[in-house]
Amino acid sequence: MSEPSPDLAILRGYELRLLRCTILSPPPPSDPEQPSDQTSPTHPLSPLISALLTSIESGRYLEALTSADANRLVFKLTDSHSLDDPDRVYSDLLRRVESFICEEAEDNGKDQAYRVVVVLCIAVAALLAFTQSNLTGPLEGLPRCPLPMEVPLCDEWDNWARNQLMAAGSDLLGKVYNIQYIIYAKILVMKMKDLLFEGSLSCAYGIRSLSWWLARVTFLHQRILDERSSSLFDLLHVFTSETLNHFGTLEKLTSYWGNDLRNGEGSTLVSVIHLEAGMMEYIYARVDSCRLLFESAEAAAGVKLSVTGVLGFRTIHQVEPKAQMVLLANTTSSKSGALCSSESPGPHRYDSIGRNDISKHPSESHEASDILLTPRLVENESDSGVISDGIQVGGTAADPLSAIQQAVILAKCLLIEKSTRHDDMQRWEMAPYIEAIDSQLSSYFIIRRCCDVLRIRWESRRSHTKERALTMMETLVQGINDPSPGVADRIHFCYGIYIPTVSALRKEYGELCVRCGLIGEAVKIFEDLELWDNLIFCYSLLEKKAAAVELIKTRLSETPNDPRLWCSLGDVTNDDACFEKALEVSNDRSARAKRSLARSAYNRGEYRTSKLLWESAMALNSLYPDGWFALGAAALKDRDIEKALDGFTRAVQLDPENGEAWNNIACLHMIKGKSKEAFIAFREALKFKRNSYQLWENYSHVALDVGNVAQALEAARKVLDLTNNKRIDAELLERIMTEVESMASPTNSAMTDDEDNFLVCGTTNAASEVGKSREAEHLLEFLGKVLQQIVRSGNGTDIWGLYARWQKMKGDLSMCREAWLKQVRSYQGSDLWKDRDRFKKFAKSSLELCKVYMEISSSTGSRDELLSAERHLRNIMKQAGSFADMEELQHLKACLDEVKLKLDCDSVST
């Protein structure tokens with residue numbers, strides 16, 4: 001492979017330095033591995049780029065954003081610039097950026113690439129400043145507008161930026177600080193990407209890390225939203241795929257940056273890429289894709305994680321050791337890179353909250369709880385057989401792990417949270433991963449913060465540790481604004497580890513306060529975060545709902561163009577005019593307002609209006625989980641079968657565990673006569689709604705329609721169990737009996753006897769007949785159990801005939817006779833001779849009873865059976881004069897003649 005040109009190496013070195021700001025600590029100036037720009041061919045923009053990179057690396061993002069040279073060259077801002085319309089200002093900035101990159105460049109290659117790096121540095125500075133304000137802290141020290149100009153109407157500019165972000169189809173999650181910074185970063189990076197796509201930039205110096213930064217900007221946009229956005233998901237999928245295509249393997253990474261990579265840095269970058277891609281799949285609940293990406297990150301980080309059991313103590317007063325789940329981390333030294341202790345000299349050391357308190361105050365460490373933060377493991381004896389190498393829990397970990405390995409551990413912990421049932425066992429499965437990070441002597445700020453959040457969520461659900469969790473959460477929230485560690489030290493791994501935003505963390509704190517009974521404290525938090533729905537809930541608990549309404553109206557008088565306020569007011573007052581106002585101020589972009597109007601229309605019975613509103617709302621954000629189900633329900637009420645089927649289908653695509661949606665899909669397929677599709681949908685529905693006898697009933701009919709007699713019988717038995725033998729479908733059992741009789745009939749078994757002259761065909765047919773015979777025997781036994789269950793319960797008045805037919809198939813004519821006799825007696829009564837339908841059933845049962853009498857007489861030679869048949873038939877003829885025109889009565893007369901003939905023959909022979 002040919003050596004890259006010096007300028008190309010310098011440009012890629014700039015890209016690498018930008019990425020290192022969010023992953024690794026920059027080396028000291030004396031580091032021989034640090035590339036020197038002075039010894040390479042220089043470009044007029046190199047000093048500016050170096051200054052911008054130095055500011056970003058040291059966490060001085062505002063210094064990079066307000067760089068006089070950058071703004072003079074790129075944006076050419078003047079004091080006379082109009083500041084009335086933010087949309088026009090940012091559009092003008094983009095035109096100046098395009099002019100700076102494309103029109104003012106000396107050539108179409110190298111000079112353009114340097115100019116792209118300048119703009120990229122400004123965009124990254126804006127992104128990291130927004131990350132500082134909403135993810136890592138501290139929140140102070142940044143103006144509300146990222147542009148190097150005085151903006152007198154910051155509130156209006158913020159409202160404009162808020163509407164731009166909410167155009168993705170979701171409201172923001174609480175208060176977002178310095179909201180214009182992410183808009184600024186996004187439009188700059190997107191503009192450069194568009195120019196590269198359009199061919200305005202030369203591909204020879206292509207800045208491939210643009211896709212990576214675009215993925216980060218878009219992912220951060222999603223994280224500050226209250227709901228998942230379908231439009232952002234599509235963008236994330238594109239940008240993440242491009243990033244993985246460029247840097248997804250160590251070979252691709254090495255071929256791009258070559259000797260600029262430090263020892264082990266390539267593996268770390270590959271692992272980070274897969275972690276960030278996995279986090280995107282995690283937030284959209286795509287568990288399988290997330291697992292694959294996390295496994296790739298684990299392999300690239302050179303660590304193999306597994307959980308094992310070791311004896312230990314969980315509480316202070318525990319006497320006998322019990323088995324404790326601990327994490328075993330087997331590391332590969334060649335891939336592990338620098339350990340966290342060497343990566344983090346001094347400023348990067350950050351102890352978890354509880355652990356730091358315990359080390360300082362050992363006597364007071366368990367005042368809130370006697371549960372240990374990490375289990376104290378039993379000392380391993382020489383003959384114990386317990387391997388201690390790699391165990392990452394219990395005081396101090398056996399081996400220190402690198403930062404990327406710790407990040408992988410937390411990622412696997414998050415995967416457990418997403419992919420398993422939300423119960424107490426889930427938290428205990430996550431515990432070894434949390435305790436493994438707590439056992440590390442040194443970790444990055446973000447890693448510790450994520451670990452503490454996971455621990456708080458776990459311990460807040462346990463009565464013995466809830467108080468400690470509340471204390472830890474309070475300390476964690478207060479630590480957002482602590483000056484130490486510094487800004488640059490907090491930013492590392494902030495995109496590869498999923499931690500809640502500042503507003504989301506404070507919201508969790510408020511919800512924890514509510515669970516602990518601290519309603520007043522929660523009210524203050526929710527009001528400050530502008531979480532109006534949570535605030536209304538708290539006031540409702542305090543029986544002060546009117547106070548919440550007044551507070552929202554007061555805020556509306558100050559900010560009348562906030563659609564979230566109008567929607568919250570509409571929810572509490574049930575006034576559709578509020579939702580219509582929300583649509584007006586949001587330029588018809590408020591998905592929440594449309595959903596509320598759709599629900600209101602449905603409740604009023606205006607199903608077509610509701611359907612149209614749901615379609616409009618889902619067009620804004622197709623990932624709202626309950627929206628497609630509601631659309632299907634409205635369409636079903638409007639008799640739009642195809643739209644209803646589409647809505648329920650989209651619902652199960654988003655939530656495969658929605659049993660109601662699966663059931664509705666199956667019922668719609670039944671209506672359309674598609675039994676096979678209905679059968680598949682019912683099977684899925686029954687995985688989640690196994691106690692619905694109506695669902696089992698429908699499933700039994702569809703199963704029989706597709707020829708699955710065994711499943712139909714299983715469903716029928718399930719209905720009996722769920723209804724205590726009170727729900728009996730005689731028509732279904734009649735169809736099943738007919739199928740079983742057909743399978744067990746001798747004609748079926750003899751159909752292929754003529755082909756036995758051919759050896760091969762004969763052997764094949766014999767094997768097939770054996771299989772059919774076994775299936776018929778199994779179904780016959782299964783059917784008998786169901787019928788016996790019914791007749792023993794005393795509820796099966798119409799089942800005795802089926803039971804008689806089953807006994808006949810078993811060859812027990814005596815029991816068959818008794819069953820038919822009970823069936824006949826069940827129809828007898830004073831109303832029999834007045835009800836034609838009842839007499840029809842009575843006549844058929846009587847005919848079958850007399851046939852059994854004659855069959856028994858023929859096999860045993862008993863005359864008594866024939867006499868019983870004659871008496872029964874003569875008695876019917878005497879009383880059935882009103883039914884002389886019925887065909888069933890004629891059949892009974894013919895049977896009586898046959899019985900008389902047999903009696904006469906028997907007398908002659910005697």
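This is a predicted model: local features need pLDDT of at least 70, side-chain atom pairs count only at pLDDT 80 or more; totals for chains, interfaces and linings use all residues.
User: What makes helix α30 count as largely enclosed?
Analyst: Helix α30 spans residues 627–637. Of its 11 residues, 8 are buried, so the rest of the structure largely encloses the helix. The buried ones are Gly 627, Trp 628, Ala 630, Leu 631, Gly 632, Ala 633, Ala 634 and Ala 635.

User: What covers those buried residues of α30?
Analyst: The cover includes α28 (591–603), α29 (607–620) and α31 (641–654).

User: Why is strand β3 described as largely enclosed too?
Analyst: Strand β3 runs over residues 371–377.

User: Why is Asn 663 called buried?
Analyst: Buried means under 20% relative accessible area. Asn 663 has 14%, so the residue is buried. Asn 663 sits in helix α32 (residues 659–671). Leaving out residues up to four places away in sequence, Asn 663 touches Phe 682, Ala 685 and Leu 695.

User: How do you know that Gly 496 is buried?
Analyst: The relative accessible area of Gly 496 is 3%, and the cut-off is under 20%, so Gly 496 is buried. Gly 496 lies in the loop between α21 (487–490) and α22. Beyond residues up to four places away in sequence, Gly 496 touches Leu 275, Glu 276 and Met 279.

User: How far apart are the C-alpha atoms of Gly 496 and Thr 22?
Analyst: They are separated by 9.2 Å. Along the chain, the two residues are 474 residues apart.

User: What makes Glu 242 and Lys 193 a salt bridge?
Analyst: The cut-off for the nitrogen and the carboxyl oxygen is within 4 Å. The side chains of Glu 242 and Lys 193 meet at 2.6 Å, N to O, so the pair qualifies. Glu 242 lies in helix α10 (residues 230–247) and Lys 193 in helix α8 (residues 180–198), so the bridge ties together parts that are 49 residues apart in sequence.

User: Where do Glu 459 and Arg 455 lie?
Analyst: Both lie in helix α19, 4 residues apart, about one turn of the helix.

User: Why do Glu 459 and Arg 455 count as buried?
Analyst: Glu 459 has 0% relative accessibility, under the 20% cut-off, so Glu 459 is buried. Arg 455 has 1%, so Arg 455 is buried as well.

User: Why is Lys 687 called exposed?
Analyst: Exposed means over 50%. Lys 687 has a relative accessible area of 52%, so Lys 687 is exposed. Lys 687 forms a salt bridge with Glu 684, and the closest N and O atoms are 3.1 Å apart. Glu 684 is partly exposed, with 22%.

User: What lines the largest pocket?
Analyst: The lining has 50 residues. Arg 228, Tyr 282, Ile 283, Ala 285 and Lys 418 lie nearest the pocket's centre. Elements that give two or more residues include α9 (209–223), α12 (265–283) and α31. Helix α22 gives the largest share, 6 residues. By class, the lining has 21 nonpolar, 9 polar and 20 charged residues. About 1,900 Å³ of space lies in this pocket.

User: How many helices and strands does the chain have?
Analyst: The chain has 43 helices and 3 strands. Of its 910 residues, 53% count as buried.

Conventions
Residues are numbered from 1 along each chain as its sequence is written. Side-chain values use heavy atoms; hydrogens and water are left out. Buried means under 20% relative accessible area, exposed over 50%, partly exposed in between (1.4 Å probe, protein chains only). Contact means heavy atoms within 4.5 Å. On a 1 Å grid over the protein atoms alone, a cavity is a set of points where a 1.4 Å probe fits but cannot get out, and a pocket is an open set with protein on both sides within 12 Å along at least five of seven lines; lining residues have an atom within 4 Å of a point. Grid points are joined across faces, edges and corners, and a volume is the space filled by probe spheres set on the points. Ala, Val, Leu, Ile, Met, Phe, Trp, Tyr, Cys and Pro count as nonpolar, Asp, Glu, Lys and Arg as charged, and the others, Gly among them, as polar.
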